[in-house]
Amino acid sequence: MASATTDAGRPIVALAMGDPAGISPELTAMLLADRETAERARVVVFGDRRILDRGAAEAGVALDLDEASGIDAIGDGRRPVMIDLKNLDVRDVRRGEATLEGGTFATTNFRRALEMAHAGRADAVIFTPFNKQAMRFAYEGYDDEIRFVVDVTGFRGKVREFNVLERVWNARVTSHIPLKDVSAHLSVEAILAEVRLTHDCLRQSGIERPRIAVNGLNPHAGDGGAFGMEEIEIIEPAVRAAKEAGYDVDGPFPADTVFLRALKEGWHAVLTMYHDQGQIAMKLMGFDKGVTMMGGLPFPLCTPAHGTAYDIAGKGKADLGATREAFRLAVRMAEQRRALATAAE
């Protein structure tokens, strides 16, 4: 994909406003009002100006935006750009409730941001939190953001969700499936594919020589087969295969200590076998700074790892930390992709 970077050298980031019944409008306004945002990127936000202005008022920030009728008119100014879709009246927002109206608003904004990046007009996409129930009201068959991205862009490569903190990433072999089905979805090939994707995404974030720790599945990583054979039959062979392929990996490690070891020994990522095996640790380590990144796409796609926080919506309590980190990671990956592409020419 050709770079959409502005003449001023800043990447272009498409920003989709998330669920209007939660803290997404406040977070969007806070990010747009943050001085760093305009310095690092040309941000183009999709949503409704009325919803955004209410979010700004509730967050106590002032907005200084350009407005454009579409992506062909965004220009190259220093201020963020609002493309006002006029797609939701504030009177139709039911605060703290998942609704069809809220889901339609969020899916419309997300679709427009994805289409901009897919067309090569944005270098990265970020979005403030969605509510999955509201998204399902608006989009039949909505499972998660990855499914929606694939439907909108037609991308047919491998896409995986990563959770990111400043010092360590969490990748996983399986994601949104029942715990009872995890073992059946593990294979040497599946684990090796995740090692490869994790390595590539870490490189794109600016880490030159990624180091990856691989988690076990069972208590004490199986304890030599006493608590399960997946480590011996699947995970250990996958780690050996990854090493033979040139990746800096080790494991399998017990789940109850692997993140402590990663922080102490400088591993850049932990590859876990299922969703909560890593999510619990990551959110305990940095709930207010955690980022979810969709890896494998032709462009970076990032969002704060927390949810819509219906309980504090409109109360001025929203914390920008994770949203700011999502923005920073998206910008860093966009810049790194550009640098790698330039070096390959």
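Mentor: Two strands are said to pair if DSSP finds at least two bridges between them, and strands (E, at least two residues), like helices (H or I, at least four), are DSSP runs numbered from the N terminus. This is a predicted model, in which local features need pLDDT of at least 70 and side-chain atom pairs count only at pLDDT 80 or more, while totals for chains, interfaces and linings use all residues. Residues are numbered from 1 along each chain as its sequence is written, and side-chain values use heavy atoms, with hydrogens and water left out.

Trainee: What makes strand E5 and E12 a pair?

Mentor: Strand E5, residues 124–127, is joined to E12 by two bridges, and the two run parallel; since at least two bridges are required, they pair. Within this arrangement, Val-125 stands opposite Leu-301 in E12.

Trainee: How do you know that E11 and E12 pair, and in which sense?

Mentor: Strand E11, residues 291–295, pairs with E12 over three bridges in the antiparallel sense, and Thr-292 stands opposite Thr-303 in E12. The two strands form a hairpin with five residues between them, and Gly-296 in the turn has a positive phi of about 105 degrees.

Trainee: Why is Cys-302 called buried?

Mentor: Buried means under 20% relative accessible area, exposed means over 50%, and partly exposed lies in between (1.4 Å probe, protein chains only). Cys-302 has a relative accessible area of 0%, so it is buried. Cys-302 and Pro-304 point one way from strand E12, residues 301–304, whereas Leu-301 and Thr-303 point the other way, and all are buried.

Trainee: How many aromatic pairs does a search of the whole structure find, and why is Phe-162 with Trp-169 called edge-to-face?

Mentor: The search finds eight aromatic pairs. For Phe-162 and Trp-169, the ring centres are 5.8 Å apart and the planes are at 70 degrees, so the pair is edge-to-face. Rings of Phe, Tyr and Trp (its six-membered ring) pair if their centres lie within 6.5 Å, and planes under 30 degrees apart count as stacked, over 60 as edge-to-face and the rest as tilted. Phe-162 counts as buried at 0% relative accessibility, and Trp-169 at 4%.
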